[in-house]
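Please keep the view of the chains open while going through them.

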Amino acid sequence: MTKITIGQHYPTDSIIHHLDARVKLIGTIMYIVFLLFVNHYAGYGVAALFLTGIIALSKIPPRLIFRGLRMIVFILIFAAGINLFFTAGETVLFHFAFIRITLEGIMMASHMAMRLILLVMGSSILTLTTSPIQLTDGIESLLNPLKPIKVPAHDIAMLMTIALRYIPALAEEMEKIMKAQKARGADFDTGGLIKRIRSMLPILVPLFVSAFKRADELATAMEARCYRGDINRTKMKAMKMTRTEFIGMGVMICFGGLIFLTRLL
Amino acid sequence: MKAQTNRLNPQPNEGAEETSPYIIELRQISHIYNEDSVFEKRAIDNVSLKIKAGEMVALIGHTGSGKSTLIQHLNALLKPSSGMVLINGKDIHTDKAKLKSIRQRVGLVFQYPEHQLFEAEVFKDVAFGPNQMGLTEEEVNTRVKSALEVVGLDESCYHKSPFELSGGQKRRAAIAGVLAMRPEILILDEPTAGLDPRGRDEILSQIKHMHTKLGLTIILVSHSMDDAARLTDRILVMNKGCIICDGTPIEVFAQGEMLKNIGLDVPQISSLMTCLHEKNSNLPTGIFSVEAAADAIMKLVRP
Amino acid sequence: MILGEKLTFEYAAYDETPPVLTLKGVDITVKAGEFIAILGHNGSGKSTLAKHLNALLVPAEGTLWIKGADTKDAENTWRIRQTVGMVFQNPDNQIIATIVEEDVAFGPENLGVKPTEIRKRVDESLAAVGMSEHSLAPPHHLSGGQKQRVAIAGVLAMHPECIVLDEPTAMLDPSGRREVMETITKLNRESGMTVILITHFMEEAAQADRILVMDDGVLVMNDIPRNIFRQAEAMQKLGLGVPGVTELAHELRRRGLDVADDVLTIEEFMSDKAIKSLL
């Protein structure tokens, strides 16, 4: 439970780490959109090359990025499987009972798999190179233009930060409460649905109590440190657009261009 | 794991092992978290330990020394990566169905146990454990009442919400929740953490009472050497997953320097006696109580 | 620096029970640069008092001035919270960010300090508590003592003149306690920081310049540690103790040995005349 890899930040000194979070956010969104437009293997080749370049620049050990893939293995197999077996096609390669594998099916499955892999690897670079605070700051700043229509950008960002900070703590807490109740003879694994739901009560009540207590203490601590929303607030890591940021955006646009070129093949 | 597969038929041995003089026996247990991964961490390293019925033992060590992991092996919340855990001479991992009965016999009170209270009334909360054991309502009621009496909570508390109690009372109610299962062995993880001196004294004297009056085998887990010395006559010191010291308080406290090096604090009196001993070797070391220290010093005055 | 007169505070409890008075006319003065310890058993009102000192709570009656500013005046609130920083008991519930240096920056960010200046303050504060090398660590990878030092750094970065610590060591193990106490005493001695430490540990309180003892919402003792612990019996009656060596000195006096009744440390005990003559 405590080893959740999503959103895990890998702090080190690299050009990608120092890139403005907003650029990284928009860049990631662009990357995902471009991926959806790929319709030729050359396009995946371009994307893979691009990704390799970014990973090299980010100085993140590749095994960390591959670890993120482990979590989607199931989805991958499922998605590829569905495409493999259920794509209607002309060129039947293999036929046994109700199983029919067509060339088109294989094509679709491999497209799907590549798209998913590149997507997950790409977006994990965002979370690995950007600390949650920078990420939320970036989101806040991107949402800021929506303030006139009453989108509470700052509050959303602060909520996200705190949620990210306390997810591991709450997971740990839950594990501890479960153990303690087991030591008191609680049984979570047997019985019908109703009994099982009832048996969650000894976990949920203490968990909520503790979450509320935490929230209360945290609010007090934040107030004690002069927190009062975004009134007159500054940032240590102020976001600014420098040459690197513009170059980054430029690179993304070139990447997009290349992807569209592969569509013409 | 090995123990389980090797002992396909444990019955023939059972009679012989019943006579084991030790209520708890650990045979070379190790526990490795995240085995075979980059995060592999050896939390318990080849620990063997024997505890007799009716003993009161303190287990001390700093945070992360492995003491919390160790005690979770005693009631089968954790399974050793290798080695065997025997309660009353029986390997507790031979029969899965009996885990519940092991957990009833080996009562484990976690750190800050008041965080696990969940019922609307104190009485109901304490009854949770016995109710899970499938006892009659009458039997549950007697057990709950006597458990609450042991921890010094009277009838006026029975129907209060746990959240109306004071910090010390909450903790005692939570301890009663484990006591009501009538365990033979009671393990308490840092029972005095975060309490004020008065609360600390109350809990400690009740633990002493459970040992002497109820005859429970007690393991007190603590990083407070003071608590350990005050209550027990055997202290186990853990560091980096190993038990590095096992002896009487006098023997253990005589090694003040070593204890400090592994991040424990020696009672002030104990450090003082070590300093005095350096000046005058007639004064003994290993003393930790004010009474004993005064006796020793007065001996110099009137030999 | 701090002046409080007849402070009274009541908690509005559940509907059925009358409101509980947690402070009953407390007078308090603290001079700049002082190191004060507050003792008292749970529920004696010491945490409530602490929360008044940086305007998290305001007195129902009486007045509290922090550097001349009345805490009841809402206009002063933010200035007071910047002047008097606060560290709480549970290290896990006061760290907001997921990276140490970003957490330390939280306070000055709230104050609207310039980014370059924040960077400087963060580095200085982490150095002051000896946590510079962990500036990029996530808090959940730190030990309890380290977390509390980060919390102290977070307060220091606001450039306060006084730090109030509410049982900062209660949840720590002995080495964590030592780390935190060393940090606190160093801040007081070397930087002249005014420190108010609430604690249950008598040995910690003995290091202060002055001790305040609270009982049932009333300030019952206010003196230098030597004079407080001299009253071993009274302290025990309040549900508190005295340091081990002090207790031993009293026991020896009871048995007829003429040891001073105000020894506080091992060194003092060793150099006591009566003890020296025995060695």
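Predicted model: local features only at pLDDT ≥ 70, side-chain atom pairs only at ≥ 80, totals over all residues.

1. Chain A averages a pLDDT of 84, and 97% of the residues score at least 70. A stretch to treat with care is residues 1-6 of chain A, where pLDDT stays under 50 and for which the model has ten contacts beyond four places in sequence.

2. Chain C holds an open sheet of six strands, which follow one another in the order E6-E7-E8-E3-E9-E10 with mixed pairing. Its edges are formed by strand E6 (84-87) and strand E10 (218-223) of chain C, each of which pairs on one side only. From one strand to the next, the twist averages 20°.

3. Strand E7 (residues 162-166) and strand E8 (residues 194-198) of chain C run parallel and are joined by five bridges, and Ile163(C) stands opposite Val195(C) in E8(C). As a general rule, the strands of a sheet pair through backbone hydrogen bonds, either parallel or antiparallel.

4. Two helices of chain C deserve a comment. Helix H6 (residues 174-191) of chain C lies across strand E3 (35-39), E7 and E8 of chain C, and runs at about 150° to E8(C). Helix H5 (residues 144-156) of chain C has 13 residues and reaches 18 Å from its first C-alpha to its last, close to the 18 Å expected at 1.5 Å a residue. Is H5(C) largely enclosed or exposed? Because 13 of the 13 residues of H5(C) are buried, this helix is largely enclosed by the rest of the structure.

5. Chain B has an open sheet of four strands in the order E2-E1-E4-E5, with antiparallel pairing. Strand E2 (41-52) and strand E5 (90-91) of chain B are the edge strands, each pairing on one side only. Strand E1 (residues 22-33) of chain B and E2(B) pair over eight bridges in the antiparallel sense, and the bridge partner of Ile32(B) in E2(B) is Arg42(B).

6. Ala76(B) has a positive phi of about 65° although it is not a glycine, and it is found in the loop between helix H3 (67-74) and strand E4 (82-87) of chain B. Ala76(B) counts as buried because 21 other C-beta atoms lie within 10 Å, where the cut-off for a buried residue is 20 or more. Asp216(C), which is not a glycine either, has a positive phi of about 50° and lies in the loop between strand E9 (210-215) and E10 of chain C. With 14 C-beta neighbours inside 10 Å, Asp216(C) counts as partly exposed.

7. The contact between chains A and B takes 20 residues from chain B and 16 residues from chain A. On the side of chain B, the elements that give two or more residues are helix H4 (99-105), helix H5 (122-132) and helix H8 (167-179) of chain B. The residues on that side divide into ten nonpolar, eight polar and two charged.

8. Chain A also touches chain C, with 29 residues of chain A in contact with 33 residues of chain C. The elements of chain A that give two or more residues here are helix H7 (132-143), helix H8 (153-183) and helix H9 (193-224), and H9(A) gives the most, with eight residues. By class, this side of chain A has 15 nonpolar, six polar and eight charged residues.

Key:
Residues numbered from 1 in each chain as written. Chains lettered and ligands numbered in written order. Pairing = 2+ DSSP bridges. Axes fitted to C-alpha atoms, helices over the stretch in contact; angles between N-to-C directions. Contact = placed C-beta atoms within 7 Å. Expected span 1.5 Å × (residues − 1). Buried ≥ 20, exposed ≤ 12 C-beta atoms within 10 Å, placed from the backbone. pLDDT = per-residue confidence, 0-100. Nonpolar A, V, L, I, M, F, W, Y, C, P; charged D, E, K, R; others polar.
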